[in-house]
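Hello,

Here is the structure for you to look through. My notes follow below it.

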Amino acid sequence: MALPVKTLYSKDHATSKKRDDFDDILEERRCCSDIRYAMKCYTPVVYRGLIPCKPNDLKNIVLKSEHVQHVIQKLSRETGECPEIWQEEATVILEEMGHSLQLSAVRFFAFTLSKVFKTLFQGVFVNEEGIQRLHQAVQEHPVVLLPSHRSYIDFLMLSYILYTYDIALPVIAAGMDFMGMKLIGEMLRMSGAFFIRRTFGGNKLYWAVFSEYVKTILRGLFKARKILSDNFGNIHVYFGNPISLRTLASGRINRTQYSLIPRHIPQRPTEDVQVFVDEVGYKMVLLQLENIVIGPFALVATILLQDLSGVHLSSLAEKTLWLKQLTQSFGGFVKWPIHLPTDKVLMSTIALHHNIVNNIDGHIVLSIESKKTEFTEDFMFRYAVGILMCAAYRNQLLNVFVRPAFVAVACEIAHSSKKEDIYSCFTFLRDLFSDEFIFFPGSAVKDFEDGCFLLTKCDAIQVLQQEILVLEKDITSFLKCMFSPYVEGYQVLCSYLSEEASENFTEKQFLPGLRQFAFQQLKKGNIKYYEILSSDMQKNALSSLVRLGALKKMKMDNETTFVVKKDAVSRTADILSSKLPVGRPVIARL
């Protein structure tokens with residue numbers, strides 16, 4: 001689609017907040033000895049002179065703790081088995097779970113990861129101001145680090161960075177699937193990892209597939225020469241501002257109540273504590289999203305997904321710069337090489353992602369199979385792979401745009417310029433897609449006002465006292481198109497539940513049934529977007545309809561069963577396709 005290339009904002013209207021500068025920690029590694037780096041004097045500061053506890057001492061403290069002993073005695077009374085049996089069980093769990101941090105293993109990983117990272121990446125960029133804040137925080141407070149976990153390399157990268165800056169290494173909660181990797185699992189344990197079981201229940205096949213999947217990824221990392229010969233570009237690691245849990249809880253949680261009962265006796269959290277924990281979780285995730293570093297290819301991917309026929313390089317440059325400026329103005333954290341011409345930046349990022357996009361004589365297209373072949377189910381999934389890989393990059397932008405985009409979509413499906421009608425549609429979209437995007441509970445009015453403000457800033461809409469007028473359709477159309485895969489995907493699911501699914505169906509029947517239905521709709525050309533083939537979207541949509549009451553979820557004969565409320569599902573589909581208005585909620589503050 002055509003995009004305006006005019007300047008969207010004057011300097012007076014620019015609101016992008018200042019971001020910390022980044023430094024490449026691999027630059028020094030490329031010109032200095034890795035052995036010397038690994039064997040450097042490592043004397044990290046610790047929290048207020050705390051003496052680190054040796055692994056075996058830590059296990060003994062845990063086993064002898066009042067809490068564990070209380071639970072052992074309780075289990076003994078409930079089962080009639082002697083406490084020694086449960087004591088032995090606790091010992092086995094600790095041996096399975098506990099770390100055995102050793103400096104020698106840390107130094108080995110420091111040496112090995114230096115070699116690997118220098119081969120895989122052009123640079124590893126870290127905001128040193130964030131590191132300085134962390135360095136100060138660990139001396140004054142106990143600190144929990146919350147990585148965004150965008151890849152399985154996160155915890156290795158985090159430990160590598162902290163070792164580089166002489167900060168105490170964290171103990172890392174790792175899945176049990178890593179522990180089964182023999183040499184790698186034991187090395188991780190000696191580097192500070194402790195292992196926790198994942199909640200896969202009795203699904204042995206799922207466990208086997210997942211475990212092997214993780215093992216395979218790491219063996220590419222550590223063994224495959226082909227992987228080590230590839231260029232994976234740059235990594236940006238942003239350390240945000242420390243958040244004080246005590247400050248957040250001030251005035252919210254009455255901590256004195258916990259002094260009334262001995263601490264070793266388990267207590268069920270009160271309702272206000274549960275609400276507080278949920279709010280903290282949302283706050284942490286929103287802060288992570290706010291500080292996510294968006295690279296050039298995320299912008300390119302977003303443009304290409306709106307035109308699968310491809311875009312000429314000159315046009316792509318104009319549209320990418322336009323989207324970059326819009327992203328930054330909406331608060332997105334874009335990292336763009338300002339010292340290089342735009343065409344050089346694009347050529348570099350396209351070459352880097354050659355497995356996803358192709359440059360054919362200046363025409364940039366996704367690396368997807370031609371539709372000239374027979375449209376079989378096997379072809380459909382191969383064709384979808386390239387699209388979904390590209391979508392993974394586009395998704396980095398979605399939480400930047402979701403609020404103004406939902407206002408834009410609401411303006412369309414409301415068939416009205418009345419503010420209250422548009423707000424009703426906005427809250428419907430917000431509720432329906434809250435399993436896909438992060439919204440702070442109870443902040444619908446604020447989210448709506450934020451979306452309107454951002455669209456007003458770029459002259460896309462005009463907000464009057466009772467109406468919202470669309471002024472700039474290029475921007476609103478682009479935003480609607482960016483989120484169309486989600487709207488259409490949920491429409492397809494609703495159609496499947498209304499037309500094909502039986503009134504009662506099991507979880508096992510759902511995915512293959514929906515996949516076959518989607519295949520037929522794609523083959524007939526009734527739907528456009530392949531994102532409906534994403535298992536994440538399928539499960540999120542199912543969860544959303546359960547939460548909104550269109551489906552009822554229950555356990556029957558040790559199986560999860562869903563009951564379809566056809567009228568509610570059809571109503572959801574009709575609202576998304578603008579065939580049915582949304583009811584008007586109370587909007588006292590709007």
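Of the 590 residues in the chain, 43% are buried (under 20% relative accessible area with a 1.4 Å probe, protein chains only; exposed is over 50%, partly exposed in between). This is a predicted model: local features need pLDDT of at least 70, side-chain atom pairs count only at pLDDT 80 or more, and totals for chains, interfaces and linings use all residues. Residues are numbered from 1 along each chain as its sequence is written, and side-chain values use heavy atoms, with hydrogens and water left out.

The chain has 24 helices and 15 strands. These are DSSP runs, numbered from the N terminus: helices are H or I, at least four residues, and strands are E, at least two.

Look at contacts next (heavy atoms within 4.5 Å). Take those between residues at least 6 apart in sequence: 73% join residues at least 24 apart.

Now helix α24, residues 566-576. Its buried residues are V569, T572, A573, I575 and L576. They sit on the same side of α24, because they cover an arc of only 165° around the axis. The arc is taken from the directions from the helix axis to the C-beta atoms. These buried residues pack against α18, α19, α21, α23 and β15. Just after α24, S578 has a positive phi of about 65°.

Last, a helix pair. The axes of α15 (296-305) and α16 (313-329) come within 9 Å and cross at roughly 115°. Axes are lines fitted to C-alpha atoms, for helices over the stretch in contact, and angles run from 0 to 180 degrees between N-to-C directions. From α15, the contact uses L299, V300, T302 and I303. Among the α16 residues in the contact are L316, K319 and L323.

Best wishes
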